Amino acid sequence: MIQNVGNHLRRGLASVFSSRASRKSASRTENNMAEDEGYRNPTEVQMSQLVLPCHTNQRGELSVGQLLKWIDTTACLSAERHAGCPCVTASMDDIYFEHTISVGQVVNIKAKVNRAFNSSMEVGIQVASEDLCSDKQWSVCKALATFVAHRELSKVKLKQITLRTEEEKTEHSVAAERRRMRLVYTDTIKDLLANCVIQDDLESRDCSRMVPAEKTRVESVELVLPPHANHQGNTFGGQIMAWMENVATIAASMEVGVCVEAYRQEAETQRRHINSAFMTFVVLDADNQPQMLPWIRPQPGDGERRYREASARKKIRLDRKYIVSCKQAEMPLSVPWDPSNQVYLSYNNVSSLKMLVARDNWVLSSEISQVRLYTLEEDKFLSFHMEMLVHVDTARAFLLLSDLRRRPEWDKHYRSVELVQQVDEDDAIYHIVSPALGGDPKPQDFVILASRRKPCDNRDPYVIAMRSVTLPTHLETSEYRRGETICSGFCFWHEGDQLTKVSYYNQATPGFLKYVTTNVTGLSSEFYTTFKACEQFLLDNRNDLAPSLQTL
């Protein structure tokens, strides 16, 4: 049974505080009306397939290869519906299959374009199955695929997606972060291998149960026939993935690497690399329980390199599954920081803020001198959001607030800020000391990951996202009471020449909740005072940007 596929084609891989509805609440009402009227995303494509015996594997279950073919076909149609021209599969992100599907059950696949970039676009796919006899339904998997629009005679420039629902806004916003993560995937593997010790403990393992890696090698040659081609006359990505899954199943030994090459029998002597994939299998016994496998003894040289790269990929898969994919409410307040998971913590940091920003049910709580305070109640969390217009260039406002070391100049809640680590151009870790709150005798301290992002296109804001992390060099001490933040940060929108909308968001943690509710209910004006001080800081420094800040 396949548990995970990481397939990289072409590149190798109403609020109690106020009854006044805000304009954002009005937007939410419009969206709900649209949904009630049967709104459907114009790029959405749905496919339903009855599973027949010819679609199954030796266990009588729908083969993953066949499912991948259906997924790719549905996603491609969605991409082409938006592009208005032929599209090819560029890559497929990790897929985790949660359930098997049996003969006689129905597979329902839904795909829609999340975001269009220049000539490429991200397509989100949801797969569910149902038993028509029992009327039971369950989720099978979710997937993200990248497609590239292709025309023979002209370069393609894709139109932007029209966003109407909260879900569409969220997926569109986070898609830019996912794209960024894909682009650094290869570098992440290299950094893991260069900077982290991969514990392979080959010498301590039971050699009597080891299988030489060369004995798991399987090679298959497939002749491309008309049934294998798509409407463009080419072998489509789903068919290639099906062939790959078939070969990987034969060779199955936990993670299986698959490489696809192509050639014309008469015209070409050199093989062309088409794509590579890495598939993870779980072997089940007669009781459908996971079964232990013998160890693999890698071949010297490239075999040992691939063996260690497999360990690095396993690390990345775990980071993606438990840091990137989990719901925000399930995330611990502070997560451990280390170089091997920095890409995924940075992604989670920015995407969490973007998802909070995209919520449609913000309610206007108060407005003082054009500074608006909104609240949002969801699940266990109370969030607040402040907004104002400032006569400062958007990029400059972004740069001025990016360096948290300058925040004590305008925010009295920041007593001192120390830059602990400049991770890269866009990420930094700070140790922050704040005055005591609510009569607590001890001041608070925080260890914060700050991640900043420039816009991907003119509809995106500049973003500064912050969340708590733990560092072995900065553990909690008796001198301070350790505070935590799960999601906070700034967004900056260009509203005109030298005019910027500055918004601050914060998802309140339990230790901060009383302070938040005091301000939201109007019993305190500290939020307003602090935000106006921020505005004055930006105005005072708009023509005096420190040179060192420009290089951050």
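Select Cys456 to begin: with a relative accessibility of 39%, this residue counts as partly exposed. The structure on display is a predicted model.

Next, select Cys85, which is buried at a relative accessible area of 7%. The structure holds 0 disulfides. Cys85 accordingly belongs to none, and its nearest cysteine sulfur, that of Cys87, lies 5.1 Å away.

Gln232 is located in the loop that runs between strand 7 (211–212) and helix 5 (237–251). Is this residue buried or partly exposed? Its relative accessibility is 24%, so Gln232 counts as partly exposed. Beyond its neighbours up to four places away in sequence, Gln232 touches Glu80, Pro86, Cys87 and Val88.

**The largest nonpolar core**

Now select Met121 and Ile125. Within the largest nonpolar core, which has 37 residues, these two touch the most other members. The elements that give two or more residues to this core are helix 2 (64–83), strand 3 (87–96), strand 4 (106–116), strand 5 (120–131) and strand 6 (136–149). Which element provides the largest share? Helix 2 does, with 9 residues. In soluble globular proteins, nonpolar side chains tend to be buried together.

Centre the view on Ile125 and display its contacts. Leaving aside residues up to four places away in sequence, Ile125 touches a set of residues that includes Ile71, Ala75, Ile109, Cys141 and Leu144. A second, separate core has 34 residues, among them Val371, Leu373, Ile448 and Leu538.

Select residues 166–183, which form helix 3. Where is helix 3 kinked? A kink of about 30 degrees is centred on Ala175. Ala175 is also one of the buried residues of this helix, which include Val174, Ala176 and Glu177.

Finally, select Ser351, placed in helix 7 (residues 342–357). Its relative accessibility is 3%, so Ser351 counts as buried. Apart from residues up to four places away in sequence, Ser351 touches Val174 and Glu177, both of which are among the buried residues of helix 3.

Methods:
Residues are numbered from 1 along each chain as its sequence is written. This is a predicted model: local features need pLDDT of at least 70, side-chain atom pairs count only at pLDDT 80 or more; totals for chains, interfaces and linings use all residues. Side-chain values use heavy atoms; hydrogens and water are left out. Helices (H or I, at least four residues) and strands (E, at least two) are DSSP runs, numbered from the N terminus. Buried means under 20% relative accessible area, exposed over 50%, partly exposed in between (1.4 Å probe, protein chains only). Contact means heavy atoms within 4.5 Å. The expected span of a helix is 1.5 Å times one less than its number of residues. The bend at a residue is the angle between axes fitted to the seven residues ending there and the seven starting there. A disulfide is a pair of cysteine sulfur atoms within 2.5 Å. A nonpolar core is a set of buried Ala, Val, Leu, Ile, Met, Phe, Trp, Tyr and Cys residues joined through side-chain atoms within 4.5 Å.
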